[in-house]
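Here's a quick briefing to read alongside the model. Have the sequence and the 3D view open as you go.

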Amino acid sequence: MADDRDEDEVRDQHYDPGTDSDSDRLQIETRSIHAGQKPDEETGALMTPIYANSTYEQDAPGEHRGYEYSRTGNPTRTDLEANLASLENADYGRAFASGMASINTVLNLLESGDHVVTGNDVYGGTHRIFTQVYEEYDLEFSFVDMTDLEAIESAFREETELLWLETPTNPLMSIVDIEGAAEIAHENDAICAIDNTFATPYLQRPLELGADVVSHSLTKYLGGHSDVVGGALLTNDADLDERFGFYQNSVGATPGPFDCFLVLRGTKTLPVRMDRHCENARTIAGWLDDHPDVDRVFYPGLESHPGHEIAAEQMDDFGGMLSFELDATLEQASEVVSNTEVFTLAESLGGVESLIEQPAPMTHAAIPREERLEAGLTDGLVRVSVGIEHVDDLIGDLERAIDAALE
Ligand SMILES: Cc1ncc(COP(=O)(O)O)c(C=O)c1O
């Protein structure tokens with residue numbers, strides 16, 4: 001951010017101040033469509049244009065109209081950042097080139113010797129940046145069972161500066177008590193950052209539960225169509241936001257305007273898509289729960305799920321991700337995920353189309369088998385990102401694939 005850029009002025013041009021106060025806040029279904037965006041004053045064009053500019057005309061040296069260079073700021077990105085901030089009920093939002101770039105930005109806050117407490121089942125890419133990038137810079141990480149608040153508390157040290165967590169987690173959909181975890185972080189003067197990618201702000205708003213920072217992979221539900229990679233950080237803390245802005249500009253992992261446009265288009269339908277994702281996932285979880293070849297179903301919406309009660313308190317619904325454990329060998333489970341026709345065999349999640357994957361040889365292949373089994377990631381475990389197709393077609397597809405492999 002250039003020193004002489006009046007950031008508030010720029011933001012106000014694109015962000016409807018009418019949504020600022022909690023009492024007269026519009027509903028999230030309305031904000032997802034409108035927040036951060038206004039018809040163009042000159043042409044009336046409804047959609048935020050893709051401002052494909054690297055640089056901007058200045059009226060006099062150093063005197064510009066809010067934008068001077070697109071790494072520092074771009075109007076399409078400003079609208080997206082305001083839209084995302086509104087969805088998370090945050091005062092500030094920053095968009096990045098990927099979810100990993102936003103995670104990296106939070107780690108940029110730390111110094112050599114600092115310690116981070118995090119989950120033993122965080123996303124593999126998060127585990128990799130912690131252990132293979134930042135341990136090299138003398139940051140230390142403790143990986144603990146985040147469903148156990150006492151385990152979190154006892155992992156804290158004098159040097160702990162950050163508590164990083166995900167909920168629900170991947171692939172067992174474990175649920176972390178956000179309010180309890182944030183309280184522990186604050187008692188220890190640490191920042192509590194939450195990766196809210198799986199839940200989305202439509203289902204869970206961690207800042208309202210005490211978190212300091214929310215991180216997103218926009219690549220998933222917020223983009224929603226498997227056609228863009230992006231990330232974001234949201235916070236109510238002006239100082240943190242300023243530092244995020246400094247790293248955003250200094251490191252330069254910013255999204256291009258076309259990517260910002262795609263995510264802005266995606267968030268407009270977030271609520272309707274999430275309603276269908278949740279409804280389909282709930283129906284499929286119930287069907288799998290009664291299936292004779294399925295040993296366990298991991299879906300926080302099922303009362304049998306160990307995190308069900310906390311999820312019911314902190315989430316508005318239970319999401320579109322679920323896993324199930326087949327009574328099957330690694331090879332048989334591989335056959336199931338290879339034989340579906342409506343579900344596509346692929347990593348990633350959160351798009352309108354249903355995806356299926358087998359964690360053992362795919363997303364969690366890097367974990368040694370014994371360690372993987374100890375963490376509950378069995379050979380027969382299958383993860384699905386339930387899309388918004390007709391649920392009967394999804395159940396029929398799973399039924400055919402399971403029957404063919406396990407007959
Ligand atoms: C929970 C979670 N956080 C972060 C990321 C990283 O996001 P990206 O792929 O956009 O860098 C992923 C990617 O799968 C994820 O699942």
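Where is the place of P292? P292 falls in the loop between α11 (270-289) and β10 (294-298), with helices (H or I, at least four residues) and strands (E, at least two) taken as DSSP runs numbered from the N terminus. Keep in mind that this is a predicted model, where local features need pLDDT of at least 70, side-chain atom pairs count only at pLDDT 80 or more, and totals for chains, interfaces and linings use all residues. Residues are numbered from 1 along each chain as its sequence is written, and side-chain values use heavy atoms, with hydrogens and water left out.

**The ligand and its surroundings**
- A polar side-chain atom of D195 comes within 2.6 Å of a nitrogen atom of the ligand.
- Ligand oxygen atoms feature in two further pairs: one is 2.8 Å from an N or O atom in the side chain of S217, and one lies 2.9 Å from a backbone N or O atom of M100.
- On its own the ligand exposes 390 Å², and the protein buries 89% of that (Shrake-Rupley method, 1.4 Å probe).

- P292 counts as exposed because its relative accessibility is 71%, the cut-offs being under 20% for buried and over 50% for exposed, with partly exposed in between (1.4 Å probe, protein chains only).
- H115, in strand β4 (residues 115-119), is at 0% relative accessibility, so it counts as buried.

- The loop between β6 (160-166) and α7 (178-187) holds P168, and a cis peptide bond joins T167 and P168, with omega about -5 degrees.
- P171 also sits between β6 and α7, and the peptide bond from N170 to P171 is cis, with omega near 0 degrees.
- M173, in the loop between β6 and α7, has a positive phi of about 55 degrees although it is not a glycine, and M173 is buried at 1% relative accessible area.
- N89, in the loop between α3 (75-87) and β3 (92-96), is not a glycine but has a positive phi of about 55 degrees.

Key
A polar contact is a pair of N or O atoms within 3.5 Å; within protein, one must be able to donate a hydrogen and the other to accept it, and residues adjacent in sequence count only if both atoms are side-chain atoms.
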